[in-house]
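Let us walk through this protein together, one region at a time. Keep the picture beside you as you read.

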Amino acid sequence: MNASTAWRRLTVHQWFLLVLAAIMIVVMIFGVIAAVMLQRTTDLADDLVDRISPARIEAAELQGTLLDQETGVRGFLLTGNRQLLEPYERGMADEQRQYERVEELVRDEPEILSHLRQISEASAAWRRDYAEPLVAERQAASPISNAQMESGKPAFDRIRALTETLNDSLAQSRQQARDELIQAQTLRNWMFVAMITTFLVAGLAMAVLLRRAVVRPLDELRMASREVAEGNFDHPIPAHGPADIREVALDVDAMRTKLVAALETSREHEATLSTQAADLDAQAVELRRSNAELEQFAYVASHDLQEPLRKIATFCQLLEKRYTDALDDRGRQYIRFAVDGATRMQGLINDLLSYSRVGRLYDARRAVNLNLKLDKALDNLATGIEESGATVERPDDLPEITGDPMLLTMLWQNLIGNSIKFRHPDRPLVIRIDHEQVEESEWRFSLTDNGIGVDPEFADKIFVIFQRLHSREAYSGTGIGLAMCKKIVENHGGRIWLDTAYQDGGIRICFTLRSDTLSSEARFAAATASSEGSRT
């Protein structure tokens, strides 16, 4: 496999990895060079600032200290004033410290250390042979001649010459360090210029490489795809560039071929589909008309059913009243059964009508204060609450919800009425209402009581219309209350469920409501999701 074939087998991802690897290698090489150059200039600057310059200062102070010693000795010999010896004595104490300091700073330079030792030896000889004997004679009140005083001048002149030599050596070392620092800085600056230039050239080369290898084939593929998208299905798709781009081009060309074949097939079915669409439109119109007729039929039928039920109940009651003496207990019981059955049938019909009207007749959407709706529901249930001795614990800050005021009142009334109906006979009924915000526009409410409770296995059954968990003799009603609550909540875009984790006696029913307005499609989707969730 030659080099050209190897390059053609690279994918776009491999091309980018190759370019990235090249960039990383260049960056690493120049990074190492830059680090070395920076370290070199830093070392030279530190050597100049931290070693040579302090050594020159200490050498100058050493020279001053030696001069102070010579001046102090000469003044004392001339005047005999003991105070004039103070610079001499202090200078001897400072001299040793300055020797040690300079020696520490220039320990890597033998020539300067040699000058420093010569100065130390010369100053010690000057004190031993000249200063100390004459100071002792002067302190003994012996006269000092001019010849004696001038006898130490050659030795001290040698000290001066040695200190000058030391200063010259330090100055030369300082100049050499400065020259090396300037040279290193210049080389560093040129190196940075070379790095920037190399990066620019490398970036330009990589951009050209990527354009030729990746961008240009992609542009060709894009232009050919647009030609096909604009309807020119006979335009071929070129396959150039990296391996994956060529594969994409071949796949697109294969798709173009299949589209041409599918287009011919679709045109054959177009007439059939047009006919079917017209038929579906006609069926939709017929379905809407049929639904309207069924709705009207249900309304009329329910009213027509109630009239004979009322007559049955009325005439059975008249029969019992007029012929009560002719009937035995069993006859009167049969009449009561008939009246009770008619009454229950009438209640079922009324409840079914109310259930069917949710979302159809009652759907006035506006902002509703739930506090007011809860107050209205409690007023409607005031007699039941008083007779049962129930205590309702409620928050004072229920939120404002977008919905139908009548339906929201029915929601509270059915939930609280359900708790009152199924209260526990051995303890006072306590109903607690809580709420919390779960999202920006969604609130979760809960109603908890300490009644007889519900087995978790019936968590879904209690919300099904006409489903009862107890006999009619134990608890009255049609079994539509919680089903009505479920339909109201889902009509408002929420969901309702039994909290099966609540195990403290009684039940806890939770439901959600929104503070914004949902479209009918969104309410339908929420109701569908809630129904599927309850089935699972």
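A nonpolar core is a set of buried Ala, Val, Leu, Ile, Met, Phe, Trp, Tyr and Cys residues joined through side-chain atoms within 4.5 Å. Buried means under 20% relative accessible area, exposed means over 50%, and partly exposed is in between, using a 1.4 Å probe and protein chains only. What you see is a predicted model, in which local features need pLDDT of at least 70 and side-chain atom pairs count only at pLDDT 80 or more, while totals for chains, interfaces and linings use all residues. Residues are numbered from 1 along each chain as its sequence is written, and side-chain values use heavy atoms, with hydrogens and water left out.

Let us begin with the whole chain. The protein chain has 536 residues, of which 33% count as buried. Its 13 helices and 7 strands are DSSP runs numbered from the N terminus, where helices are H or I runs of at least four residues and strands are E runs of at least two. Now think about contact, which means heavy atoms within 4.5 Å. Among contacts between residues at least 6 apart in sequence, 71% join residues at least 24 apart.

Where is the largest nonpolar core, and which residues have the most contacts inside it? This core has 38 residues, and those with the most contacts inside it are Leu411, Trp412, Leu415, Ile416, Phe445 and Phe511. At least two residues each come from helices H9 (370–380), H11 (405–421) and H12 (481–491), and from strands E4 (430–439), E5 (442–449), E6 (496–498) and E7 (508–514). H11 gives the largest share, 8 residues. To see how such a residue sits, find leucine 415: not counting residues up to four places away in sequence, leucine 415 touches Leu447, Leu482, Cys485, Ile496, Ile509 and Phe511. There is also a second, separate core of 30 residues, and among them are Leu105, Leu134, Phe156 and Leu166.

Next, look at how helices pack. Two packed helices are described by the angle between their axes and the distance between the axes. Here the axes are lines fitted to C-alpha atoms, for helices over the stretch in contact, and angles run from 0 to 180 degrees between N-to-C directions. H9 and H11 pack at an angle of about 50°, with their axes 8 Å apart. That angle makes H9 oblique to H11; under 35 degrees counts as roughly parallel, over 145 as roughly antiparallel, 65 to 115 as roughly perpendicular, and the rest as oblique. From H9, Leu370, Lys373, Leu374, Lys376, Ala377, Leu378 and Asn380 meet Pro405, Leu408, Thr409, Trp412, Gln413 and Ile416 in H11. By class, the residues of this contact are 8 nonpolar, 3 polar and 2 charged. In this sorting, Ala, Val, Leu, Ile, Met, Phe, Trp, Tyr, Cys and Pro are nonpolar, Asp, Glu, Lys and Arg are charged, and the others, Gly among them, are polar.

For another pair, turn to helix H3 (residues 86–105) and helix H4 (residues 110–139), whose axes come within 11 Å and cross at roughly 165°. This makes H3 roughly antiparallel to H4. The contact includes Tyr88, Met92 and Tyr99 of H3 and Leu116, Ile119 and Trp126 of H4. Its residues divide into 9 nonpolar, 2 polar and 4 charged.

Is H12 largely enclosed or open? H12 is largely enclosed by the rest of the structure, because 9 of its 11 residues are buried. Among them are Leu482, Cys485 and Ile488, along with Lys486 and Glu490. After H12 comes glycine 493, whose phi is positive, near 80°.

Serine 441 lies between E4 and E5, and counts as buried at 18% relative accessibility. Histidine 424 is in the loop between H11 and E4, and is partly exposed, with a relative accessible area of 22%. Apart from neighbours within four places in sequence, histidine 424 is in contact with Asn450, Gly451 and Ile452. Proline 236 belongs to the loop between helix H6 (153–229) and helix H7 (243–322), and counts as exposed at 52% relative accessibility. Proline 236 and threonine 257 are 21 residues apart in sequence and 9.5 Å apart in space, C-alpha to C-alpha.
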